[in-house]
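Hi everyone, thanks for coming. I'd like to walk you through one protein model today, so please have a look at it with me.

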Amino acid sequence: MSIQYILEIIGTFAFAISGALAVKDQKHQDWFGASFTAFISSIGGGTLRDILLGSYPLVWISDITIIYAIMAGILATFIFYKFLLRLRKTLFLFDTFGIALFTIIGTEKALHLGVRPEIAVIMGIFTATMGGVIRDMMTNEIPIIYRKEVYATACFAGACSYLLLDSVGAGRNVAFISASLVIIAIRILAVKYGWTVPRFFR
């Protein structure tokens with residue numbers, strides 16, 4: 001079992017927690033709603049990527065450990081709900097770690113399937129962000145990519161960094177870790193200093 005795989009499972013677990021917590025302000029907070037939202041948050045982006053790329057079976061269908069990680073995240077949210085709400089900064093770090101990891105995993109998988117680098121970048125962004133977008137739509141929230149905070153832009157920068165490092169012959173581990181750190185650094189600095197993407201309409 002590789003370190004990357006372990007980190008992917010941890011990221012899935014963290015996304016499941018964020019999805020389950022997303023229903024806390026909804027009128028109906030039943031187990032099904034929380035579980036379904038957690039499930040979509042965790043696998044939505046990867047599922048969309050695999051469908052668009054024609055990659056079957058879908059990752060979560062071929063690897064039952066992903067389902068177990070989501071179930072563990074749902075159960076942890078139910079048991080430690082109040083404690084988790086006090087750890088919003090920690091959950092932000094988990095979310096940032098998750099999108100960094102999934103951006104690069106999505107970009108790599110697309111490249112391995114033979115698509116152009118430009119498409120691989122898009123697939124990396126989809127992998128990291130679309131689960132959260134679907135989650136926000138389900139809970140009547142403004143999707144995170146439409147908010148002021150830097151989110152998908154950080155994923156874009158990380159995916160491009162990976163392509164650049166890969167093109168100059170950097171080792172796979174070096175490229176993976178370095179590009180992930182680019183995303184993490186941009187997200188943390190953007191929140192700390194209030195960076196936003198320039199407005200399209202002025």
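Let's begin with a term: a residue counts as buried when its relative accessible area is under 20%, as exposed when that area is over 50%, and as partly exposed in between. Keep in mind as we go that this is a predicted model.

Phenylalanine 102 has a relative accessibility of 6%, so it counts as buried.

Why do I say partner? A search of the whole structure turns up six aromatic pairs. In one of them, the ring centres of phenylalanine 15 and phenylalanine 102 are 5.3 Å apart and the planes meet at 45°, so we call this pair tilted. The pair links distant parts of the chain, because phenylalanine 15 sits in helix 1, residues 3-21, while phenylalanine 102 sits in helix 6, residues 88-112, and 87 residues separate them.

Here is another pair: phenylalanine 39 and tryptophan 60 are edge-to-face, with 5.2 Å from centre to centre and 85° between the planes. Phenylalanine 39 belongs to helix 2 and tryptophan 60 to helix 3, residues 59-62, so this pair ties together parts that are 21 residues apart in sequence. Are these two buried or partly exposed? Phenylalanine 39, at 21% relative accessibility, counts as partly exposed, and tryptophan 60 is partly exposed with 23%.

Let's stay with helix 2 for a moment. Helix 2 has 23 residues and spans 33 Å from its first C-alpha to its last, close to the 33 Å expected. Where is the kink in helix 2 centred? On isoleucine 43, with an angle of about 50°. After helix 2 comes glycine 54, which has a positive phi near 70°.

Helix 2, residues 31-53, also holds threonine 37. Threonine 37 is buried, with a relative accessible area of 4%. Leaving out residues up to four places away in sequence, threonine 37 touches Gly19, Ala22, Val23, Arg135, Met138 and Thr139.

Last stop: the record. An unreviewed UniProt entry gives the annotation "domain: Glycine transporter" for residues 6-81 and 93-165. Over residues 93-165, the chain is 77% helix and 0% strand, and the end C-alpha atoms are 25 Å apart.

Terms used:
Residues numbered from 1 in each chain as written. Predicted model: local features only at pLDDT ≥ 70, side-chain atom pairs only at ≥ 80, totals over all residues. Heavy atoms only, no water. Helix = DSSP H or I, 4+ residues; strand = E, 2+ residues; numbered from the N terminus. Buried < 20%, exposed > 50% of the residue type's maximum accessible area, 1.4 Å probe, protein only. Contact = heavy atoms within 4.5 Å. Expected span 1.5 Å × (residues − 1). Bend = angle between axes of the 7 residues up to and from the residue. UniProt positions renumbered as here; feature names shortened; annotations may be inferred. Phe/Tyr/Trp six-rings, centres within 6.5 Å; stacked < 30°, edge-to-face > 60°.
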